[in-house]
Amino acid sequence: MSLLLSAPGWDLAAWAGRISKRAPGRRLQVAPDRFSGPEAVDYVLTWNVPHGLLSTLPNLKVIFWLGAGVDHLLADPNLPDVPIVRVVDPSLTRRMTEWVSLQVLMHHRAALTYLDQQRRVEWRSHNHPMARDVRVGVMGLGELGRDAARMLTMLGYQVAGWSRTAKTIDGIDCFAGADGLAAFLARTDILVSLLPLTPQTRGILDYGLFSGLARDGVLGGPVLINGGRGKSQVEADILRALDDGVLIGASLDVFETEPLAADSPLWAHPRVIVTPHVAAESDPTDLVDYVLTQIETFEAGGALKNRVDRTRGY
Ligand SMILES: NC(=O)c1ccc[n+]([C@@H]2O[C@H](COP(=O)([O-])OP(=O)(O)OC[C@H]3O[C@@H](n4cnc5c(N)ncnc54)[C@H](OP(=O)(O)O)[C@@H]3O)[C@@H](O)[C@H]2O)c1
């Protein structure tokens with residue numbers, strides 16, 4: 001049973017080396033340079049595969065998406081009707097939790113203000129509320145959102161979460177669906193989005209939503225943190241909200257267009273932290289092992305884990 005690796009922009013030689021080391025008996029093709037036998041491909045391991053390529057593989061059995069968010073894949077108009085498996089991996093989850101915790105603490109402990117003062121050699125202290133007085137709201141209570149929410153409760157924050165379907169999670173106030181959104185926002189000082197990109201979440205982080213966030217919090221205004229997908233946010237609305245005080249800060253790892261344009265005002269905005277889509281990634285060796293273990297289980301008649309539901313879009 002043979003494999004095709006397609007991940008534009010990645011160091012494919014290194015990935016091919018890892019795969020061959022873990023599964024030396026399998027034929028491995030690498031697109032586009034070492035790809036000559038589409039009919040021989042049983043499994044694809046891919047990130048951002050060019051649209052149309054998958055439909056040229058007549059014997060494809062499973063698509064392994066080497067990331068967590070499958071919006072690019074599902075947008076392929078010729079996507080073959082085979083199972084899609086996405087990454088759920090402790091190293092990726094924990095890295096996202098690190099990034100979210102860092103950003104929440106940065107805004108809570110006024111890091112941008114102190115960095116600015118340091119540059120100006122200014123010795124001045126500000127008010128520091130306790131974490132227990134800060135309300136964090138996590139949009140998306142999936143693999144990533146749940147882990148981040150739990151860590152934030154351990155740090156002492158009052159944590160709530162919002163998801164599509166109702167949940168019960170110890171220590172976290174859970175809200176769900178369109179009906180639960182207004183109440184969730186109204187109790188939130190720091191909003192963290194870990195939503196996938198779907199037709200329902202595209203553009204959801206807009207001025208109207210920011211206007212629904214709590215105005216009575218101890219930080220003096222609400223903060224947005226987005227580690228999910230850039231097309232869930234309306235960047236013009238983030239800038240407008242920052243400029244008129246509807247938001248007092250933002251941390252963004254993802255953008256409407258990536259890389260973020262050099263002339264985007266977000267780069268130099270004094271209240272914005274920009275990171276270049278680096279919040280969370282998997283350890284490559286763990287990822288190869290995850291995929292090849294799933295292939296072995298599948299070939300032995302077992303079930304694939306972490307399958308994407310095409311109708312819900314994640
Ligand atoms: N920045 C980075 O480096 C990076 C890295 C990895 C992933 N990501 C992004 O993070 C996203 C989340 O990953 P994950 O593994 O946590 O995904 P997941 O396990 O599929 O969880 C998605 C969560 O979002 C909720 N959701 C989806 N649509 C919704 C809607 N319309 N309204 C309310 N809630 C909705 C789901 O609700 P239910 O629980 O009710 O289904 C679920 O709780 C990925 O899709 C990807 O875009 C970013």
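Over how many bridges do strand β1 and β2 pair in the parallel sense? The model here is a predicted one. In it, β1 covers residues 2-6 and joins β2 through three bridges. Look along this pairing for one example. L5 stands opposite V30, a residue of β2.

Now step back to the whole sheet. It is open and has five strands. Their order is β2-β1-β3-β4-β5, and the pairing is parallel. Which strands stand at the edges? They are β2 (28-30) and β5 (84-85). Each has a single partner strand, so one side of each is left without a neighbour in the sheet.

Next, turn to the ligand.

Some contacts can be traced atom by atom. T165 uses its side chain: an N or O atom there is 2.5 Å from an oxygen atom of the ligand. L141 uses its backbone instead, with a polar atom 2.9 Å from a ligand oxygen. G227 also takes part through its backbone, where an N or O atom lies 3.0 Å from a nitrogen atom of the ligand.

How much of the ligand does the protein bury? Taken alone, the ligand exposes 950 Å². The protein buries 93% of that area.

Conventions: Residues are numbered from 1 along each chain as its sequence is written. This is a predicted model: local features need pLDDT of at least 70, side-chain atom pairs count only at pLDDT 80 or more; totals for chains, interfaces and linings use all residues. Side-chain values use heavy atoms; hydrogens and water are left out. Two strands pair if DSSP finds at least two bridges between them. Helices (H or I, at least four residues) and strands (E, at least two) are DSSP runs, numbered from the N terminus. A polar contact is a pair of N or O atoms within 3.5 Å; within protein, one must be able to donate a hydrogen and the other to accept it, and residues adjacent in sequence count only if both atoms are side-chain atoms. Accessible areas come from the Shrake-Rupley method with a 1.4 Å probe; for residues, only the protein chains shown count as cover.
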